[in-house]
Every structure is written in C-alpha cells, then in structure tokens.
Amino acid sequence: MTNHWVDIKNTDLVLIMGGNAAEAHPCGFKWVTEAKAHRKARLIVVDPRFTRSAAVSDFYAPIRAGTDIAFLGGVINYLLSNDKIHHEYVKHYTDMSFLVKEEFGFEDGIFTGYNAEKRGYDKSSWNYQIGADGYVVIDPTLQNPRCVYQLMKKYYARYTPEMVSSICGTPKDAFLKVCEMLAETAAPDKTMTVMYALGWTQHSQGSQMIRTGAMVQLLLGNIGVPGGGMNALRGHSNIQGLTDLGLLSNLLPGYMTLPGDAEQDYQTYVEKRASKPLRPGQLSYWSNYNKFFVSNMKAWWGDAATAENNWCYDWLPKLDKGYDLLQVFEDMNQGKVNGYLCQGFNPLASAPCKVKVSGSLAKLKYLVIIDPLATETSEFWQNHGEYNDVDPAKIQTEVFRLPSTCFAEEDGSLVNSGRWLQWHWKAAEPPGDARNDQEIMAGIFLKLRDLYKKDGGAFPEPILNLTWKHRRPEAPSPEELAKEFSGKALADVTDPKDKTKVLVKAGEQLNGFAELRDDGSTSCGCWIFAGAWSEKGNLMARRDNSDPFGIGQTLNWAFSWPANRRILYNRASCDPSGKPYDPKRKLVAWDAAAGKWGGADVPDFKIDSPPQDGMNPFIMNPEGVARFFAVDKMAEGPFPEHYEPLESPLAANPLHPKNDKARANPAARVFKDDWSTFGKPDKFPYVCTTYRLTEHFHFWTKHARLNAITQPEQFVEIGEGLAAEKGIKGGDKVKVISNRGYIIAVAVVTKRIRTLDVAGKKVHTVGVPIHWGFKGVAKNGYITNTLTPFVGDANTQTPEFKAFQVNVEKA
Amino acid sequence: MQVTRRQFFRICTAGMGGSSLAMLGFSPTAALAEVRAFKLARSTETRNTCPYCSVGCGVLIYSLGDKAKNAPGEITHIEGDPDHPVNRGTLCPKGAGLLDFIHSPNRLKYPEYRAPGAKEWQRISWDEAFTRIARLMKDDRDKNFIARNDKGETVNRWVSTGMLAASASSNETGYLTQKIARSLGMLAFDNQARV
C-alpha cells in the first residue's frame with residue numbers, strides 16, 4: 001500500500017477492483033465502512049462476481065475476468081477526452097510534458113522492437129528524448145505530438161465506451177457511471193483510494209493492470225494524498241516483509257537487485273542502479289545505492305567485505321535468467337533440479353497445473369519441508385485416492401518433514417500491507433519437538449558450514465565467512481536478527497557537513513538509512529528497515545495508538561518503513577508552493593519559518609528543500625515525477641494495452657482482430673511443452689476464476705476445526721444462466737474440466753455471477769474457491785490448481801489463476 | 001456499591017489501590033460464594049499479530065500459567081486487541097479460528113523421513129535430519145556449483161537446489177533465510193509473493 005489501512009477512512013471514493021476486501025481482508029475493510037459512515041464516501045466495486053464487497057457498495061459493475069486494462073484504459077480515455085484531470089498535479093508531478101523518442105511506435109497491438117520468436121522486445125526506442133544538457137527534453141505546453149500527454153491521449157482514444165463494453169461485457173451505462181464517479185475526484189480537495197489484490201496480480205498481464213490503475217490515480221491527482229493511493233492488499237501476513245527483504249529469485253534486501261552475468265564489474269553494477277537525475281534539481285534517491293549495498297554486504301560478510309574485494313561483490317550469485325517459481329518447476333520437470341526446500345510454502349496446492357507440479361516434485365532427489373502443518377506438498381508421494389492418485393513405489397524422492405513453530409510460539413516482526421513492522425511475542429511452547437524457523441535454518445546451515453570447514457568443497461568462502469554473531473549459534477534470536485537488519489555503526493559516523501560532529505558512535509544502532517555510508521563504516525541488512533531498532537530500542541514494538549492529528553496516522557504505533565513514513569509520496573499532497581491541496585486533510589506542508597517540511601507524517605522528501613527549488617515529489621524516480629510512460633521498465637510496453645488472457649472465450653483480441661500476435665500478451669513467457677496444455681473455447685467455453693472465502697485462509701484453515709465447520713466442503717459457483725443451460729441444480733455434484741485436469745465439487749447456483757455479453761456472444765463465468773485439499777480437518781477435496789494454466793505475468797511471472805477456460809458437466 | 005470479585009479484580013488492575021478501596025468499605029462480598037476464580041484471572045496475556053492476511057490485526061493470546069519454567073503455558077483463548085489501531089478488537093472469521101490452528105491435530109510434532117519409494121513416514125531425530133539434509137545439499141552443491149559460465153565470467157551460482165521461503169514467517173526468519181540462501185549461491189529462490 002502507498003497508504004495504510006486506517007487512512008482509508010480519509011477517502012471520498014473507494015474503488016475495489018481486482019480484490020474483495022470485505023471477504024479477504026475483513027478487518028481492513030472496516031475502514032471503508034468508516035469512510036462511508038463518517039465522510040459519506042462512496043464505494044464502487046468492479047468484479048466478475050457480485051462479492052460481499054459489492055453487496056455493500058454504492059455501485060457495482062460486472063466485468064469479464066481478465067479485461068481490467070480495457071476497462072481502465074476506457075477510464076483514461078474518458079478522463080482525457082472530457083478533461084477531467086487534476087491539471088496542476090499532472091503538469092508538475094508527472095511525465096506528461098516529457099518528449100518520447102521519435103523511433104517509438106505502436107502498430108496493431110505491438111510496440112516497436114518486437115521479436116516474435118523470443119516473445120520479447122528490444123526496448124531501445126522506449127525512452128525519452130535526451131537534450132544536450134543530459135536532461136529529458138520537455139514541452140510544458142503539452143502541445144508537442146511526441147510529449148507523453150499527446151501520445152497517451154491518442155493511444156487510449158481507441159478505448160471507447162463501446163469497445164470497453166464489448167471486451168469487458170460491462171453494460172455501457174454502468175461503465176460510464178463508474179467513469180463519472182471517478183472523475184469527480186479530479187477536484188484538488190477530493191480523493192479516491194484504489195484497493196486491489198490477487199484479482200489484479202494473477203493474470204498474464206497483471207502488472208499492467210495495476211499500472212493502468214495507477215495511471216488513473218495520477219490523472220486524478222490521487223497519489224500521495226490522505227485517503228488516496230494505490231493500495232495492494234497483500235495475501236499473507238508477511239508477504240510484504242519477505243518482499244522487502246528480497247526473498248525473490250532476483251532481489252537483494254530493500255529492492256536492490258542481483259547482478260546479471262554480464263555485470264562483471266562492480267562499479268558498472270552500481271552505476272547502473274544509482275540513477276542520476278533526469279531533470280534539473282531532482283533528488284533521485286537511488287543515487288545512494290552504493291551506501292545501501294555496501295552496508296548490506298557488511299551485514300552479511302563483516303570484516304571479510306572490504307573495499308579491496310569490492311565488498312565481496314563476486315560472492316553474490318549472478319543471474320543468467322529468471323528463476324521464478326514457474327521457471328524452477330519447469331527446470332525440475334526437465335530433471336535439472338535435484339533438491340528443493342519448502343519453508344511454510346505448499347506449492348502442490350498453490351502453484352498452477354497440479355499434474356506438472358506433482359510430476360516435477362517426483363523428479364527431485366530430495367525435498368525438505370519446514371512447516372507447522374502437514375501440507376499436501378509434504379505428502380505429494382502418498383496415495384490419497386482420487387485427490388492424489390499416485391504410486392509411492394515409483395517416486396524415488398527422499399522427503400524430510402521438519403516441524404516448525406506457529407506465530408503464537410515465537411517472537412518477531414511482520415510487515416502488514418500498510419508497511420508497518422509490528423512486533424509480536426511468544427505465548428507458549430510449540431507442540432512436541434517443533435522448533436522455530438531460525439533454529440531450523442541454523443541447524444541446516446551450521447552442519448553445512450562444518451562440512452565445508454572440515455572437507456572443503458565448491459567455493460566455501462561465502463559460507464565460512466557469513467556473519468554469525470549469535471549468543472547461541474544454534475538458535476539466532478529474533479532480537480539479534482532484527483538489530484542486524486536495522487543496522488549499526490561499525491566506526492563513528494560523522495556529519496558530512498561537519499566531520500567533527502559524530503552522529504552515531506561505533507557499535508551503536510543506526511537511526512535510519514540517511515546514516516548509511518559506502519566506506520564500510522556501517523552495517524545494515526535491509527536499508528529500508530533501517531532504524532526499526534535504534535538506540536531508542538525496538539520501535540516495532542511500540543504501542544502508542546494516539547492519533548494527535550485525527551487522520552489516523554498513529555506515528556508511534558510500531559514502525560513503518562521507510563523512516564516511519566506512513567503515506568508514500570506525501571509531498572504530492574501539496575501544491576508546487578508547498579500548501580496542502582486539501583487543508584482539511586493536511587498531511588505535510590512547507591514551513592517557511594522553520595525552513596523545513598513537516599506535519600502529520602514523516603515527509604517523503606528532502607526535508608529542507610524549499611518549494612521554489614522545484615524538486616518534485618517522486619524522489620525515487622530519476623525524473624522526479626511519476627511516469628505515465630513506463631520507459632523500458634515493463635516487459636510488454638510503456639503503455640498498458642489490453643490483451644486477452646492466454647486462455648479466453650474469444651478467438652481474437654477485439655482491439656486487434658486481425659493480428660494473432662496481439663491476441664494474448666505478446667511478452668508472456670510460455671514454455672514449449674505448455675502450449676499444448678492450453679484449451680480452446682470450442683471445448684472449454686466458460687471463463688473460470690479462482691477466489692478466496694471469508695471463512696478460510698488459503699490452505700491453512702482447513703486444518704482448523706472452527707473454520708472447517710463454517711465451510712466444510714468444496715464447492716463451485718455457477719450462474720443461473722449456465723445452470724439452466726446445463727440442467728444443474730444447486731447441490732448437484734459437478735465436474736469442472738480444463739485442458740489440464742478436472743475437479744468434482746458441489747454446485748452452488750447463484751445470481752452473483754452474471755452471464756455477460758462479450759463481443760456479440762454470451763459468456764458464462766464459473767467461480768472456484770481454492771481452499772480444499774487432501775490434508776485437513778475439513779472434508780477432503782480436489783486441489784483447485786489442478787485446473788489452472790502454467791503461465792504467468794510477463795513481468796513477475798505470477799500465475800494466471802484469475803482467468804482461464806473450463807467446461808462444466810454434471811458429475 | 002456491590003462489587004463482584006471480578007469487578008474488584010478489574011478495579012485493582014486498573015491501577016487503583018485495592019487496599020484503600022477495602023478501607024473505604026468496598027470489599028468483594030460476592031466472591032465469598034464463588035467456588036473457583038475466573039480462569040482469566042490466572043491467565044497470561046500476550047500480544048501477537050494474526051498470521052493470516054496482511055491487515056496485521058493485533059491479537060491477545062491468553063494462556064494458562066505465568067510462563068514459569070516448569071509450568072508449560074497452554075493457550076486457551078485468542079481475541080482481537082482492542083488497543084490495535086487497525087482492528088480495534090475485532091477479528092474476522094479466519095482470525096476467530098486461530099485457536100484451532102494452534103491446536104490443530106495436523107500440527108507436526110517430530111521430524112520425519114520418507115525414504116525413496118516408501119509408503120509411510122518414519123520418525124527421526126533433529127540431528128539425523130540436519131546431518132542427512134546437509135550431506136545431500138553439500139553433495140549437490142559441490143557437484144553442480146557454477147563458478148564460471150561458458151564465457152568464463154564469474155557467476156558463482158548454485159541452481160540445482162532451490163527453496164521456497166514462507167511469507168507468513170517473521171522478518172527475522174526471512175532475513176536469516178535470505179542471508180543463508182545467497183551465501184550458498186542460490187538463485188532458484190522465491191516466496192509466496194510470486195504466486
């Protein structure tokens with residue numbers, strides 16, 4: 001979230017699209033209710049299903065799963081052609097005036113530089129015109145046909161209300177009603193929040209859906225303001241934290257990235273990431289990259305990391321390709337992976353195309369499961385009848401299952417969606433011999449380290465020199481680890497303006513990332529968490545819920561990264577002269593007398609930069625402004641374009657009916673053998689979308705009796721139209737079939753899923769909740785991901801769980 | 001003024017001097033008739049965070065015992081933390097079942113091992129598990145570690161073993177796991193943020 005849960009109460013309008021907060025995030029959704037009750041805010045829900053969020057909305061619009069870019073592209077067209085945008089905000093705080101290279105173009109669904117064989121782009125034309133002074137050329141009048149404003153206006157003119165309605169199946173009047181309501185928030189003192197979740201991420205074009213939402217928010221001036229923002233409602237309690245800490249194939253902590261093979265030179269690696277400002281007077285905060293990087297390497301390798309050895313740069317693995325979950329299961333399927341560790345992750349249930357995942361696991365030599373619960377993955381080799389029909393004798397994988405603690409049995413911090421690091425305390429001992437994850441990781445690591453110490457082996461240096469300063473080496477404590485990622489001074493840290501002034505003494509915990517240095521004098525395992533545990537103590541454990549400004553900021557509750565800031569880009573809540581756009585919802589402002597920014601939040605800005613200096617609010621971008629034109633950052637193009645899901649009810653993309661290359665995402669990666677697993681609409685005519693229930697959480701709560709009682713048995717939802725066609729009554733057993741397998745479940749016949757008119761034909765949608773499996777105290781059921789396709793978003797490789805094709809028959 | 005034992009207990013814990021109240025004549029008369037004290041009065045309250053979705057609701061965990069070494073605490077009740085600024089004491093139907101997650105019959109209690117081709121689990125010790133896992137990992141790493149690629153560039157990666165980390169585990173676990181994985185040269189490494 002750019003904002004946070006309580007801040008939703010400050011909004012005028014809520015758009016829930018690609019999510020269902022009332023059911024998936026119920027206690028956060030109460031802040032929508034609060035905004036409705038106390039600010040007369042309105043709620044719009046756009047969803048293929050009439051969810052419980054929709055049930056309490058002021059306006060609901062149905063949409064075909066997977067067509068959100070068409071819908072939002074239509075909104076952009078409406079806002080631009082009716083001139084319903086926040087002019088000052090857009091002109092000063094976005095790239096609207098930036099000129100784009102002449103070579104850049106777009107033709108029949110494909111941008112310049114496409115290579116159909118590689119399913120990817122040469123992105124060299126996707127950039128700005130750079131002037132002789134090294135800065136981007138701009139046209140403040142927005143008249144130049146190559147400026148982002150003009151390009152974008154022309155680009156989205158194709159997204160007419162008729163086209164939107166035809167692609168999305170949303171009635172035209174419903175679409176226009178949503179446009180009108182959204183457009184009202186272009187007023188400087190009105191705002192909207194966008195709440196989304198996996199309903200946007202789990203598509204082959206999910207990242208671009210989110211970008212389109214963000215573009216709408218920028219046009220309306222709703223980013224960086226109280227009650228505004230792009231708010232990702234994340235799926236797990238610490239999925240934010242693990243992302244922040246960089247536990248993804250290509251990341252280092254704090255959104256730093258691992259080098260690629262070609263980046264042999266450390267200085268070049270840093271320079272590429274430490275972006276210089278692209279406009280005069282801009283901050284470009286990533287220019288400090290080396291400070292974050294060196295401090296990280298000091299945290300990991302201590303005295304072994306020196307200026308002479310480039311702070312152990314070569315000890316980091318380099319990437320020759322992406323190693324996302326789908327790629328790894330593909331490699332596993334090809335017999336290239338021998339071992340796998342699953343720590344609290346149940347891929348047999350949560351990865352797409354169960355038959356492929358199960359077959360891949362069976363090719364492993366060893367599998368290690370670390371979990372508090374008996375997961376399906378841990379028993380992928382065991383026969384569980386129709387739900388897991390395998391022959392154990394044929395599976396040669398060695399499997400270890402190690403019991404870990406659950407939340408109630410450990411201390412530590414979790415990061416919620418609103419970026420709050422909240423500390424929790426242990427209440428009881430775990431059952432049996434279960435151990436906490438830190439002890440388990442230490443147990444494996446220390447054995448490995450001993451073996452390397454004793455016997456040597458491949459490149460032992462990073463293992464032997466990994467910092468391990470724990471009172472009990474076999475059980476690193478949460479306190480020790482939290483202090484390590486928060487950071488400390490290794491030598492006295494002095495004020496750069498006055499070297500005689502010591503800011504932090506050697507050995508002390510740092511106050512924040514501003515104190516990080518690139519000379520090896522600071523150590524910090526995650527720069528964005530810096531200061532979470534300072535000399536003041538564990539700020540994550542703070543419990544002062546007072547709200548002196550009355551807008552729900554609670555600055556002394558827990559710790560919010562970065563720098564305890566609660567709302568990102570908050571400088572954008574003020575006009576260029578530093579005055580809040582809405583004086584009633586004042587977040588930060590320029591205080592001329594004090595010569596600094598201040599207010600109800602930690603300013604997301606250079607604190608002493610006066611408005612007349614012209615520094616812009618988006619300090620993490622070298623442009624200083626937000627981007628409508630994504631330059632080369634996205635896989636499929638600088639402007640989001642609607643493409644059909646890989647499996648769709650349409651044979652062609654209505655925007656590009658004659659270009660088969662532009663039917664589905666042209667940059668989506670599809671493995672060779674998977675093309676044949678995709679179904680065509682003739683055999684699989686119905687759109688299927690998977691989802692979550694109020695009473696269950698993923699695949700855990702089927703192990704909990706109370707939740708199993710409230711939702712005991714697997715079901716699927718089908719609309720009345722489809723049920724009538726197929727002669728299915730509520731309570732009948734039905735078989736839902738994709739080209740990859742089938743599930744059998746009870747049918748719930750509902751008015752909640754409508755039949756839509758799409759491109760001149762009737763399209764039915766089937767809804768399948770995900771929560772069942774063959775382990776648990778609820779009734780056993782089929783793993784829903786038996787049905788789903790093995791393809792992901794072109795940028796993140798998040799699987800396309802929300803839109804694929806099935807058939808339905810009575811079982 | 002009638003004060004039950006429980007109310008009296010509350011007044012005391014609210015910070016007012018219990019003895020001075022008694023001196024004023026407010027003694028817990030109803031308590032005399034009680035057979036046993038309220039369980040809550042002998043419970044330990046621990047602040048925690050719901051491990052399910054990302055709202056991060058504060059929860060209060062009540063356990064029997066006072067965390068003394070020889071008195072293992074038994075968690076008896078969980079409710080929303082009324083002081084928490086986001087959930088203000090509420091829990092959703094997922095979080096309301098937390099107690100049954102902790103006490104699920106499917107909680108794992110001991111390290112287990114499944115041999116190649118076997119139909120069942122067998123129980124093993126932690127040391128056996130760590131020793132065997134470390135041996136498998138080291139053999140695989142030593143055999144398949146790529147120090148240099150075909151072009152002779154330094155790449156130092158190990159991609160024949162992978163790992164999925166847990167996005168419901170703490171930052172402290174995540175940080176330690178990240179550090180270990182990268183020190184081994186792992187790249188086939190993700191968490192649920194990817195799905």
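Predicted model: local features only at pLDDT ≥ 70, side-chain atom pairs only at ≥ 80, totals over all residues.
Residues are numbered from 1 along each chain as its sequence is written, while chains are lettered from A and ligands numbered from 1 in the order in which they are written.

Strand β15 covers residues 412-415 of chain A. A:Gly412 and A:Leu414 lie on one side, A:Ser413 and A:Val415 on the other, and all are buried (20 or more other C-beta atoms within 10 Å of the residue's own, C-beta atoms being placed from the backbone). Strands here are DSSP E runs of at least two residues, and helices are H or I runs of at least four, numbered from the N terminus.

β15(A) pairs with β16(A), residues 420-424, in the antiparallel sense over 4 bridges; pairing takes at least two DSSP bridges. A:Ser413 has A:Trp423 as its bridge partner.

## Where chains A and B meet

In chain A, 137 residues are in contact with 105 residues of chain B (C-beta atoms, placed from the backbone, within 7 Å). Helix α17 of chain A, residues 437-455, gives the largest share of chain A's side, 9 residues.

A strand pair also links the chains: β12(A), residues 339-343, and β8(B), residues 161-165, pair in the parallel sense over 4 bridges. There, A:Tyr340 has B:Gly162 as its bridge partner.

Conventions:
Buried ≥ 20, exposed ≤ 12 C-beta atoms within 10 Å, placed from the backbone. Contact = placed C-beta atoms within 7 Å.
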